[in-house]
Amino acid sequence: MADDLFKALADATRRTILDELTEKSGQTLFEICSRLAMKHQLAISRQGVSQHLAVLEAAGLVETRREGRYKFHDLNTAPLRRITERWHVPETSGPEKSTS
């Protein structure tokens, strides 16, 4: 699962999509495409955005829900928390020391 997560985060366009979902979760594909074009001047097709969303969904960063004929995309930060917990270092008092 971590490989899918890092692959998803490696792409700048996918990180921008996550930024947009952070600002406003629950967007449709049309809304995401519009925001990418207007705010970020990204010339990317609906199919391209849809493929990016599929990678994000496979990594668990995006969840979808259907309401009628609309499909909404919501941000899920749980996979990011699992990554930070995996390499969590307890707080130390005083200056940090390098082990190298």
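Helices here are DSSP runs of H or I with at least four residues, strands are DSSP runs of E with at least two, and both are numbered from the N terminus. With that in hand, let us start at a loop: Gln 41 sits between helix 3 and helix 4. Its phi is near 50°, a positive value in a residue other than glycine. Most residues other than glycine have a negative phi. Gln 41 is also exposed, with a relative accessible area of 61%; exposed means over 50%, buried means under 20%, and partly exposed lies in between, with a 1.4 Å probe and protein chains only.

A word on the ground rules. This is a predicted model, in which local features need pLDDT of at least 70 and side-chain atom pairs count only at pLDDT 80 or more, while totals for chains, interfaces and linings use all residues. Residues are numbered from 1 along each chain as its sequence is written, and side-chain values use heavy atoms, with hydrogens and water left out.

Now step back to the whole chain. It has five helices and two strands, and along the sequence they follow the pattern α-α-α-α-β-β-α. The radius of gyration of the protein chain is 17 Å, well over the 13 Å that the globule rule gives for 100 residues, so the chain is more spread out than a compact globule. (That radius is taken over C-alpha atoms, and the rule is 2.2 Å times the number of residues to the power 0.38.) Taken along the principal axes, the C-alpha atoms fill a box of roughly 55 × 30 × 25 Å. Of the 100 residues, 34% count as buried. The chain exposes about 7000 Å², with carbon and sulfur atoms supplying 52% of it; these areas come from the Shrake-Rupley method with a 1.4 Å probe, and for residues only the protein chains shown count as cover. Among contacts (heavy atoms within 4.5 Å) between residues at least 6 apart in sequence, 51% join residues at least 24 apart.

What lies inside? The largest nonpolar core has 17 residues, and those with the most contacts inside it are Ile 17, Ile 32, Val 49, Leu 53, Leu 56 and Leu 61. A nonpolar core is a set of buried Ala, Val, Leu, Ile, Met, Phe, Trp, Tyr and Cys residues joined through side-chain atoms within 4.5 Å. Helix 1 (2–10), helix 2, helix 3 and helix 4 (46–58) each supply at least two residues of this core, and helix 3 gives the most, with four.

Ser 50 is partly exposed, with a relative accessible area of 35%.

Next come the strands. Strand 1 (residues 62–67) and strand 2 (residues 70–75) run antiparallel, joined by six bridges; two strands pair if DSSP finds at least two bridges between them. Arg 65 stands opposite Phe 72 in strand 2. The hairpin has two residues between its strands, and there Gly 68 takes a positive phi near 65°.

Strand 2 also contains Asp 74, which is buried at 17% relative accessible area. The Asp 74 side chain makes polar contacts with the side chain of Ser 25 (3.2 Å) and with that of Arg 65 (2.8 Å). A polar contact is a pair of N or O atoms within 3.5 Å; within protein, one must be able to donate a hydrogen and the other to accept it, and residues adjacent in sequence count only if both atoms are side-chain atoms.

Asp 74 also touches Gly 26, which leads us to the loop between helix 2 and helix 3. Gly 26 counts as buried at 11% relative accessibility. Gly 26 and His 73 are 47 residues apart in sequence, yet 4.9 Å apart in space, C-alpha to C-alpha.

Which residues does Gln 27 touch, not counting those up to four places away in sequence? They are Glu 20, Leu 21, Ile 32, Arg 35, Lys 71, Phe 72 and His 73. Gln 27 lies in the loop between helix 2 (12–23) and helix 3 (29–40), and is buried with a relative accessible area of 0%. A polar atom of the Gln 27 side chain lies 2.8 Å from the backbone oxygen of Lys 24.
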